[in-house]
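Thank you for passing this one along for a second reading. My remarks are set out as numbered points, below the sequence and the coordinates.

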Amino acid sequence: MRSPEYIEIFIDGRAYLLIRNSTVAAALLNAGITHWRRSVSGQPRAALCGMGVCFECRVNIDGHAHQRACQVLCTPGMRVITHVE
Ligand code: FES
């Protein structure tokens, strides 16, 4: 059995190692980040549906706003910014 391949990404400027082909949402949760944006009323938000429908998991990825963290696979050197509305 092959061991998993790890890659490095940056979440809010901090480096994290994770298994290649993890979604960004999985990477955030694995990093201990349980919410990464707020609703218009200030409630904490994170992945809800996990299948690209609810848009609750939006983050900034490599300078692109409103990317669904549950639908994007991590790539080496990816830069994820949370709490950007
Ligand atoms: S968790 Fe619903 S779109 Fe990502």
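1. Basis of the values. This is a predicted model, in which local features need pLDDT of at least 70 and side-chain atom pairs count only at pLDDT 80 or more, while totals for chains, interfaces and linings use all residues. Residues are numbered from 1 along each chain as its sequence is written, and side-chain values use heavy atoms, with hydrogens and water left out.

2. The nonpolar core. A nonpolar core is taken here as a set of buried Ala, Val, Leu, Ile, Met, Phe, Trp, Tyr and Cys residues joined through side-chain atoms within 4.5 Å, where buried means under 20% relative accessible area, exposed means over 50%, and partly exposed is in between (1.4 Å probe, protein chains only). The largest such core has 20 residues, of which Ile9, Val24, Leu28, Trp36 and Val80 touch the most other members. Two or more residues come from each of strand 1 (6–11), strand 2 (14–19), helix 1 (24–30) and strand 5 (58–61), and helix 1 gives the most, with four residues. The elements are DSSP runs numbered from the N terminus, with helices being H or I of at least four residues and strands being E of at least two.

3. Surroundings of Trp36. Contact means heavy atoms within 4.5 Å. Not counting residues up to four places away in sequence, Trp36 touches a set of residues that includes Leu28, Leu29, Arg45, Cys57, Val59, Thr82 and His83.

4. Ile19. This residue is found in strand 2 and, at 40% relative accessibility, counts as partly exposed. Leaving aside neighbours within four places in sequence, Ile19 is in contact with Pro4, Glu5 and Tyr6.

5. Cysteines. With a disulfide defined as a pair of cysteine sulfur atoms within 2.5 Å, the count comes to zero. Cys74 is in no disulfide, and the nearest cysteine sulfur, that of Cys70, is 12 Å away.

6. A buried arginine. Arg37 is found in strand 3 (residues 37–38) and is buried, with a relative accessible area of 7%. The Arg37 side chain makes a polar contact with the side chain of Glu56 at 2.9 Å; such a contact is a pair of N or O atoms within 3.5 Å, and within protein one must be able to donate a hydrogen and the other to accept it, residues adjacent in sequence counting only if both atoms are side-chain atoms.

7. A charge over a ring. Arg79 lies over the face of Phe10, at 4.3 Å from the ring centre, the criterion being that NZ of Lys or CZ of Arg is within 6 Å of the ring centre and within 35 degrees of the ring normal.

8. Positive phi values. Most residues other than glycine have a negative phi, and two residues here deserve a second look on that account. Asp12, in the loop between strand 1 and strand 2, has a positive phi of about 50 degrees and is partly exposed at 41% relative accessibility. Asn21, in the loop between strand 2 and helix 1, has a phi near 75 degrees and is exposed, with a relative accessible area of 52%.
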